[in-house]
Amino acid sequence: MPAIALLAAVFAVSVEQIVQWKYGTLGIIGLLLLTVGVKAKNPTCSSIGAAVLALMVTGPAL
């Protein structure tokens, strides 16, 4: 069980670092809002986080 928790933590930190490297601080804020919203079962918070991430991903295309 500790190995699975360790792998999950490493994966989460890796994804966070990749998002921050590619999309900056606003990308981390969007990821944080999405994660907190999903864990707290708060649709407003998760929707705002998803919208921020979507805008960050499609921003250069607009």
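Author: Let us take Gly37, which is placed in helix 1, residues 2-39. Helices here are DSSP runs of H or I with at least four residues, numbered from the N terminus. The model is a predicted one, in which local features need pLDDT of at least 70 and side-chain atom pairs count only at pLDDT 80 or more, while totals for chains, interfaces and linings use all residues. Residues are numbered from 1 along each chain as its sequence is written, and side-chain values use heavy atoms, with hydrogens and water left out.

Gly37 counts as buried because its relative accessibility is 2%; buried means under 20% relative accessible area and exposed over 50%, with partly exposed in between, for a 1.4 Å probe and protein chains only. The buried residues of helix 1 are Val19, Gly27, Ile28, Gly30, Leu31 and Gly37, and helix 2, residues 43-58, is included in what covers them.

Helix 1 has 38 residues, yet its end C-alpha atoms are only 21 Å apart, whereas a straight helix would reach 56 Å at 1.5 Å a residue. The expected span is 1.5 Å times one less than the number of residues. A kink of about 135 degrees is centred on Tyr23 in helix 1; the bend is the angle between axes fitted to the seven residues ending at a residue and the seven starting there.

Following helix 1 comes Lys41, with a positive phi near 55 degrees. Asn42 then caps the N-terminal end of helix 2, with a side-chain oxygen 3.1 Å from the backbone nitrogen of Thr44.

Which residues does Gly37 contact, leaving aside its neighbours within four places in sequence? They are Asn42, Cys45 and Ser46, where contact means heavy atoms within 4.5 Å. Ser46 lies in helix 2 and, at 15% relative accessibility, counts as buried. Not counting residues up to four places away in sequence, Ser46 touches Leu33, Leu34, Gly37 and Val38.

In helix 2, the buried residues are Cys45, Ser46, Gly49, Val52 and Leu53. Seen down the axis of helix 2, they fall within an arc of 125 degrees, so they line one face of the helix; the arc is that of the directions from the helix axis to the C-beta atoms. These buried residues of helix 2 pack against helix 1, while Pro43, Thr44 and Leu55 are exposed on the other side of helix 2.

Notes. Helices (H or I, at least four residues) and strands (E, at least two) are DSSP runs, numbered from the N terminus. A polar contact is a pair of N or O atoms within 3.5 Å; within protein, one must be able to donate a hydrogen and the other to accept it, and residues adjacent in sequence count only if both atoms are side-chain atoms.
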